[in-house]
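Here is a short briefing to read alongside the model. Take a look at the structure first, and then we can walk through it topic by topic.

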Amino acid sequence: MPSFQSYLKAIKSEVAETDVGQLRTALAPQVPPSGSASRLPAGPPQGPPTAAAPPAVIDVREQDEYVQGYIPGARWIPRGNLELRIEDAIPDRESPVVLYCAGGTRSALAARSLRELGYTQVKSLAGGFGAWKRAGYPFDVPVVLSQEQQIRYSRHTMLPEVGDAGQVALLKSRVLCLGAGGLGSPSSMYLAAAGIGTLGIVDDDVVDMSNLQRQILHSTDRVGVHKVESAARTLNGLNPDVKVVQHRTRLDSSNALDIMRNYDVIVDGADNFQARYLVNDAALKLGIPVVHASIFRFEGQITVFPGDGGPCYRCLYPSPPPPEEAPSCAEAGVLGVLPGIMGVLQATEVIKIVLGKGNTLAGRLLVYDALKTKFRELKLRRDESCPTCGTGVDRSRIELIDYNQFCNVLSP
Ligand SMILES: [Zn+2]
């Protein structure tokens with residue numbers, strides 16, 4: 001029986017090798033100059049231009065090696081999956097392929113397997129990724145899920161519509177929840193559970209005993225605690241991946257743009273008209289989508305105002321109602337589970353927007369009647385004469401208005 005060394009020697013004599021200088025030259029048009037490239041030793045002299053297609057480069061290392069860096073443009077197929085996945089990755093068996101591992105041994109074994117599968121132009125990279133790094137050539141570091149994240153988000157990643165890439169997108173996304181009250185509680189909790197990487201919470205209120213009938217972010221022992229602080233504790237307890245940004249303030253025309261511009265999607269769970277107009281106008285100015293919901297007694301409404309133009313909140317309600325007609329939740333009351341349902345629908349819309357999947361509620365107003373258990377859908381049309389999204393409106397010049405005549409109402 002041959003020793004491993006003699007076995008490897010035999011394989012290496014059969015398998016063609018390339019070195020890192022040759023590979024870099026072959027990939028030169030594909031390897032983008034990186035910021036650090038100028039500090040690096042120059043690559044080998046470029047040969048005369050050739051018409052040869054650059055090779056497909058496949059990284060056959062294990063995940064713990066791959067996550068520390070890979071050759072730019074390389075596809076990652078761990079050695080154990082190579083034979084299973086190569087035909088999907090490279091259907092043309094005549095095309096040039098370079099395999100690499102850490103030092104050139106596993107890739108030589110892998111190259112032989114591909115030759116046996118009929119690939120005619122397979123090479124193994126001598127010295128592997130180690131030699132590439134030692135030569136000072138640029139490499140990329142992938143964003144991948146950690147082992148713990150793979151378990152935490154496995155029910156997401158097994159959905160083809162999400163996958164690892166979708167989960168990474170969620171983890172990179174930044175969502176701002178206006179209000180840590182009835183709507184903000186369920187929406188922020190499901191968004192945190194889903195792995196939204198940055199969750200901003202705007203609220204200047206403290207937890208009151210009368211909130212606990214519906215605001216499930218908070219608890220009896222937190223009465224008197226600032227809601228943003230209570231929210232941060234609950235959300236981080238749910239998912240330590242989430243960075244919770246506490247905005248302990250009330251949104252107004254002086255701070256709205258500075259706060260909102262750091263986010264990709266706004267969840268409007270505001271309890272007053274002043275905030276709804278402000279959020280609408282600021283979001284249109286910044287081009288950020290708003291998932292809007294409101295609740296009243298047994299009825300909830302939800303829609304999405306797209307960031308790139310209407311229909312918007314002012315298409316629905318061009319100007320605020322007179323203060324005496326504005327309903328207050330403190331007087332009107334609200335069924336405790338109602339904001340739960342509407343807030344979860346908001347979280348669903350946010351996740352779809354981040355993933356770019358499905359159809360959002362843009363242009364549709366969904367109305368839920370909890371007493372009748374009925375959903376109705378109304379079509380929303382952009383109002384041509386809308387002051388913030390109408391035809392000819394320069395959205396960058398929208399002026400923010402503080403409708404200060406509205407007294408503060410208690411959160412929904
Ligand atoms: Zn509008």
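Arg-364 is a handy place to start: at 24% relative accessibility, this residue counts as partly exposed. Its side chain meets that of Glu-377 in a salt bridge, at 3.1 Å from N to O. Please keep in mind that this is a predicted model.

**Salt bridges**

- Arg-364 belongs to strand 12 (residues 364-369) and Glu-377 to strand 13, so their pairing ties together parts that are 13 residues apart in sequence.
- Glu-377, the partner of Arg-364, is partly exposed, with 47% relative accessibility.
- Another salt bridge links Arg-174 and Asp-264, whose closest N and O atoms are 2.7 Å apart.
- This pair ties together parts that are 90 residues apart in sequence, because Arg-174 sits in strand 6 (residues 174-178) and Asp-264 in the loop between helix 12 (256-260) and strand 9 (265-268).
- Arg-174 is partly exposed at 34% relative accessibility, and Asp-264 is partly exposed with a relative accessible area of 31%.
- Glu-17 and Lys-12 also meet through their side chains, with 3.8 Å from N to O; Glu-17 is partly exposed at 37%, and Lys-12 is partly exposed at 32%.
- The count for the model comes to 18 salt bridges.

**The zinc site**

- Four cysteines coordinate the zinc ion through their SG atoms, namely Cys-312, Cys-315, Cys-386 and Cys-389, at 2.2 to 2.3 Å.
- The site is tetrahedral, with angles of 91 to 126 degrees among the four donor atoms.
- Along the sequence, the donor residues follow the spacing C-x2-C-x70-C-x2-C.
- Distant parts of the chain are linked here: Cys-315 is in helix 14 (residues 313-316), while Cys-386 is in the segment after strand 13 (374-379), 71 residues apart.

- Five strands make up an open sheet with parallel pairing, in the order 1-5-4-2-3.
- Strand 1 (16-18) and strand 3 (75-76) are the edge strands, each pairing on one side only.
- Strand 4 (residues 97-100) and strand 5 (residues 122-125) run parallel and are joined by three bridges.
- Leu-99 has Ser-124, in strand 5, as its bridge partner.
- Helix 5 (residues 105-116) lies across strand 4 and strand 5, and runs at about 175 degrees to strand 5.

Terms used. Residues are numbered from 1 along each chain as its sequence is written. This is a predicted model: local features need pLDDT of at least 70, side-chain atom pairs count only at pLDDT 80 or more; totals for chains, interfaces and linings use all residues. Side-chain values use heavy atoms; hydrogens and water are left out. Two strands pair if DSSP finds at least two bridges between them. Helices (H or I, at least four residues) and strands (E, at least two) are DSSP runs, numbered from the N terminus. Contact means heavy atoms within 4.5 Å. Axes are lines fitted to C-alpha atoms, for helices over the stretch in contact, and angles run from 0 to 180 degrees between N-to-C directions. Donors are N, O and S atoms within 2.8 Å of the metal (3.2 Å for Na, K and Ca); water is not among the atoms, so sites may look incomplete. Four donors count as tetrahedral if all angles lie between 85 and 135 degrees; four count as square planar and six as octahedral if opposite donors are over 155 degrees apart and all others between 65 and 115; anything else is irregular. A salt bridge is a side-chain nitrogen of Lys or Arg within 4 Å of a carboxyl oxygen of Asp or Glu. Buried means under 20% relative accessible area, exposed over 50%, partly exposed in between (1.4 Å probe, protein chains only).
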